[in-house]
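Trainee: Please pick one part of this model and give me a close look at it, then connect it to a few other spots along the chain.

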Amino acid sequence: MILAEVAFMAVAVFALFVAFVLGLSFYLGRRAKSASGSFAAGGQIPWGVNGISFAGDYLSAASFLGICGMIAVAGYDGFLYSIGYLAGWIVALFVVAEPMKRLGKYTFTDALDSQFNSRGIQFAAALSTLIVSVFYLIPQMVGAGVLVTPLLGLPHAVGVIMVGAIVIFIVATAGMASTTWVQFLKGTLLIVFSLVLVIVVCVQGLSTEPDQAGTVAHYSYRMLDAKQAGEELVPDPADPQAADFVHLDQKDILNPKTGDVDMTVVKLQELLPLTHTEEGYWQVTVKGTVERLGAYEDSLDKLAARTGDATKDIMELSFIKRGDQLFVSTATWWVARKTEDKTVLIEAQSLREEEDGGKWVNGLPASDENQLRQVGGLQQIAGKSGQEASTGAVGPFEFLSTLSREDTVFDIPKTVEFSIGENHISLFYAKPTPGTKVMRPGMKFKVEGSALEKLDFASLMLALFLGTAALPHILIRYYTVPSPAAARKSTIVAIASIGFFYVLTMYLGLGSLVNEVVNPTSNNMSAPLLARGFSTLLFAIISAIAFATVLGTVSGLIVAASGAVAHDLMDRFFSLKMNEKQKVYAGKLAAFTVGLIAIILGIVFEGMNVAFLVGWAFAVAASANLPAIIMLLFWKKTTGKGIVASIAVGIISAVGLILISPSMYAKYYAVSREQAVELAPIPFDNPGLISIPLSFLTLVIVSLLTQKTAEKPKETVAAD
Amino acid sequence: MLHEPAAPQGKDYGQKYKTRLGVWMFLLYGIVYGGFMAINLAQPKLMAERTPVFGLNVAGVYGFGLIVFALLLALVYNVMCTRRERQLRQADEQGQGGEE
């Protein structure tokens, strides 16, 4: 497949989509001149449209890219995110939707402050909205960069600026009316084309030799018998292939906790025959896969002319001429694995990064042609391998039940990293894993680990469950519909569409894995790459939708954040006297500022894990906002001061715990995971289990201590 | 600053009923969700056991079941709320007191 052709089509499809969206924004923007129109779409969006828009808002880069990618490398554990994210909507529907609609005007702050008129609440809630929105914005912007880099070949920063600029334009043009319609379009397209992709996956069926609809030849990783020779693990001379290899180096990968040897990796020298093409390229053939060495054309020409039997080093590549044949000497890495009766070496992929920026892939210089192969795949399907294992088209349940079998064996992508001298080496290898392990929890979340690891998992699931109903960009959508009943119905449409999409994520993620389309260095692009494996057009459409996914979510977040600044802070907290027109103008200015901040943070946080940041936003939202919402609705003794204290404690405890979490220690202090767990004051990655109850407790205590003030609500809204 | 809703709203019937129903349904779902988490934490291997349901394992049936159950509960909730709203509205219109 020609990358430029793919990119052109993707750009064309994307440009058409964006042009349509912008046209719609202009059209609708002319109709939204009031504050209510800008922030809440005039409260007149039909509930069905609003429900799909909820899906558009909610199915962000984390859902489409992150969850599919996680399922592609961690199986069922990725699907746990789908379950947790959807379950959160139950809180939204049954507890929050209608009362919030009754309470609010434009923003979440209005709702909280509706019975107190407290400047403290106005400030704390607006600040909380801003903080959660910005934290949620960062991964979306990082996601934008992740998408454009492989798709269009543009640098990360360009992607971030592109998304930021378009979104600021959309929001500043028309506010909530246009973002609602953008989300409606995006939500619909995302679900429809994900379904198309899932149908293609099922029709394609399962195979141990997938070839991406004939576009990419299946590569079978080689295996050598090995034997111990003193300290070294060498190819067993009894294996006929052994003569082609020479042992160069060996490394034991230790378990950082126990110090035991986890695995042994071996570096072998291999001679690869070079051929010269009519176009003037030199190329290497590795088991049927052609790797071009275009950059070395001149050197090799000269080399071919003057080399005899001697070995020459050019550009650090060693060339050997034997007779008329020219060979290149490469070093490849192999992973040792013990079987029942012998030890074998299994070929791995390698990426060597040098201090001066040089990159080597599988023993040869990285180039457009010599890239890491996509990974994943199945070793066995229901006990069979090779052509007889191919299932042909399968139904959706047969797809899952076949993959759940003990005798269906996945090649789960794994990575191990180490340094040799000044070079950083990453090895990508496959771990054979039975379907009974892949299709149940346990590969990522240590549900069979220590008590603390189990609590950490429970803490994450709690934050996902409670975070949804407290996300400001979700909460403001309750004000875009005309009545509490419409709020309820749009939430049900959202649950149906989001739930359906999350069912599809299982197939998209597993489809990427079994079709060997997972990028070994980043799993975020699994769903778009799955589409590329079947059709260029489908890839272009899916990529454009993925891009629009980021656009849509960022739009919603910027509307929420600009509403917090213009309405809650400028209009209410600082009591700036503004007419409707000025309020809309202030909102647009705020959208521009927040968008600019998001662009900067999106560039600064390049390379940071998207799911990690999204989890952060959920935890902060659940800790800061949810206790205030729930208690306001259901506890008559709630006071304004209690709400302010609860929001403050929620933000500080959640953000604080994340900042001192083992993940942050490991990431920023460059220590191993085990050392980080030892160093971190609280060995928890997910703060929800501590910060959410703390925030509830604070609200109760402060409310009880401030009962004599006049700000106590007369009765809870829920009991009206 | 007034605190009226963003759009004019008609009378919202059956608030108390809807709230009570919502809380009970939330608790019901919470128990089923909690059960899923509890099995994952206490008996993770049980999740790999095959079931008669389309040949899926427990993890598949329970996981998809949670999604389908959420939608079913949501639909039941909507039907019950809509019916109560209609009853109270009709009673209100007939002057029999539709407030709750």
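Mentor: Strands here are DSSP runs of E with at least two residues, helices are runs of H or I with at least four, and both are numbered from the N terminus; two strands pair if DSSP finds at least two bridges between them. One of the bridges joins A226(A) to P235(A) in strand 2. Two residues sit between the strands of this hairpin, and G230(A) takes a positive phi near 65 degrees.

Before we move on, this is a predicted model: local features need pLDDT of at least 70, side-chain atom pairs count only at pLDDT 80 or more, and totals for chains, interfaces and linings use all residues. Residues are numbered from 1 along each chain as its sequence is written, chains are lettered from A and ligands numbered from 1 in the order written, and side-chain values use heavy atoms, with hydrogens and water left out.

Now look at a loop. S118(A) lies between helix 6 (108-113) and helix 7 (119-152) of chain A. Its relative accessible area is 11%, so S118(A) is buried (under 20%; exposed is over 50%, partly exposed in between, with a 1.4 Å probe and protein chains only). The side chain of S118(A) reaches the backbone nitrogen of I121(A) at 3.1 Å, and a polar atom of that side chain lies 3.2 Å from the backbone nitrogen of G120(A).

Another loop, between strand 14 (378-380) and helix 11 (396-403) of chain A, holds I381(A). With a relative accessible area of 3%, I381(A) is buried. Its C-alpha is separated by 37 Å from that of F8(A), 373 residues away along the chain.

Next, a helix. Helix 18 (residues 580-604) of chain A has 25 residues and reaches 36 Å from first C-alpha to last, close to the 36 Å expected at 1.5 Å a residue; the expected span is 1.5 Å times one less than the number of residues. Its buried residues include A586(A), G587(A), A590(A), A591(A) and V594(A). An α-helix has 3.6 residues a turn, so residues three or four places apart point the same way.

Last stop, the surface side of things. L689(A) is found in helix 24 of chain A, and L689(A) counts as partly exposed because its relative accessibility is 31%.

Conventions:
A polar contact is a pair of N or O atoms within 3.5 Å; within protein, one must be able to donate a hydrogen and the other to accept it, and residues adjacent in sequence count only if both atoms are side-chain atoms.
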